[in-house]
Amino acid sequence: MSADKHLLVKSYLQQHSLVESNIRSFNDFVERRMQIIVNELNETIPQEEVQVKFGKLRIGKPNITEADGSIANITPVEARLRKLTYSAPIYVEITVNFGDNSDSAEVEIGRIPIIVRSNICNTHGLNKDELLLSLMDPLDPGGYFIVNGNERVIVMAEDLAPN
């Protein structure tokens, strides 16, 4: 019986990494669920004389604004070394209607920290040689955020509540 005790866990770990569920959950959030939240937000905005409607949401690639005002893509290694947050801009299309006038524009509404090795990460899809050129460890599975140069991990826990 003791040999079969952890058979299910061992079988799962042979096919999946420990961080895979975090990365997949984050990818689903930024690729699908954020847009659902924006769509639901449209239903709660009161439609008065001026009508505001949020449209397509888009997440850019992780970048930083340099001291000279230029915008440059950033890698996780650079974020660690420069003590920066590895984050990407969030853009949303906003349409404003006032009477017969209508105007629409894509606006940056904020930034979101990016999980290393997720679909939005600047290292996603790079092969071993390309990762080495960007100073990344090819064996690094990712699944963590970099905030102010420090790695932060979301630890999933299940806790039963009393009653």
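**Figure 1. Salt bridge between Arg58 and Glu106.** Arg58 and Glu106 form a salt bridge, their closest N and O atoms lying 2.9 Å apart (a salt bridge is a side-chain nitrogen of Lys or Arg within 4 Å of a carboxyl oxygen of Asp or Glu). Because Arg58 belongs to strand S1 and Glu106 to strand S5 (residues 101-113), the pair ties together parts that are 48 residues apart in sequence. Helices (H or I, at least four residues) and strands (E, at least two) are DSSP runs, numbered from the N terminus. Arg58 is partly exposed at 36% relative accessibility, and Glu106 is partly exposed at 45%. Here buried means under 20% relative accessible area, exposed over 50%, and partly exposed in between (1.4 Å probe, protein chains only). The model is predicted: local features need pLDDT of at least 70 and side-chain atom pairs count only at pLDDT 80 or more, while totals for chains, interfaces and linings use all residues. Residues are numbered from 1 along each chain as its sequence is written, and side-chain values use heavy atoms, with hydrogens and water left out.

**Figure 2. Salt-bridge network of Asp28, Arg32 and Arg33.** Salt bridges link Asp28, Arg32 and Arg33 in a network. Within this group, the side chains of Arg33 and Asp28 meet at 2.9 Å, N to O. Arg33 is partly exposed, with a relative accessible area of 43%, and Asp28 is also partly exposed, at 25%. The structure holds eight salt bridges.

**Figure 3. Salt bridge between Arg82 and Glu78.** The closest N and O atoms of the salt bridge between Arg82 and Glu78 are 2.8 Å apart. Arg82 has a relative accessible area of 40% and is partly exposed; Glu78 is partly exposed at 26%. Side chains of opposite charge can pair when their charged atoms come close.

**Figure 4. The largest nonpolar core and the surroundings of Ile112.** The largest nonpolar core comprises 29 residues, and Ile59, Tyr86, Ile112 and Ile114 have the most contacts inside it. Two or more residues are supplied to this core by each of helix H2 (20-44), strand S1 (50-59), helix H3 (76-81), strand S4 (87-98) and strand S6 (145-147). H2 provides the largest share, five residues. A nonpolar core is a set of buried Ala, Val, Leu, Ile, Met, Phe, Trp, Tyr and Cys residues joined through side-chain atoms within 4.5 Å. Neighbours within four places in sequence aside, Ile112 is in contact with Phe26, Phe29, Val30, Met34, Ile59, Tyr86, Ser87, Ala88 and Ile90 (contact means heavy atoms within 4.5 Å).

**Figure 5. Nonpolar surface patch of Tyr12, Leu13 and Leu18.** Tyr12, Leu13 and Leu18 make a nonpolar surface patch of about 330 Å². Patches are made of residues with over 30% relative accessible area and no salt bridge, like charges being joined within 9 Å and nonpolar side chains (Val, Leu, Ile, Met, Phe, Trp, Tyr) within 5 Å. Accessible areas come from the Shrake-Rupley method with a 1.4 Å probe; for residues, only the protein chains shown count as cover. Leu13 lies in helix H1 (residues 7-15) and is partly exposed, with a relative accessible area of 40%.

**Figure 6. Setting of the close-up views in the whole protein.** The protein has four helices and seven strands, following the pattern α-α-β-β-β-α-β-β-α-β-β along the sequence. Of its 163 residues, 29% count as buried. The accessible surface comes to about 11,500 Å², of which 55% belongs to carbon and sulfur atoms.
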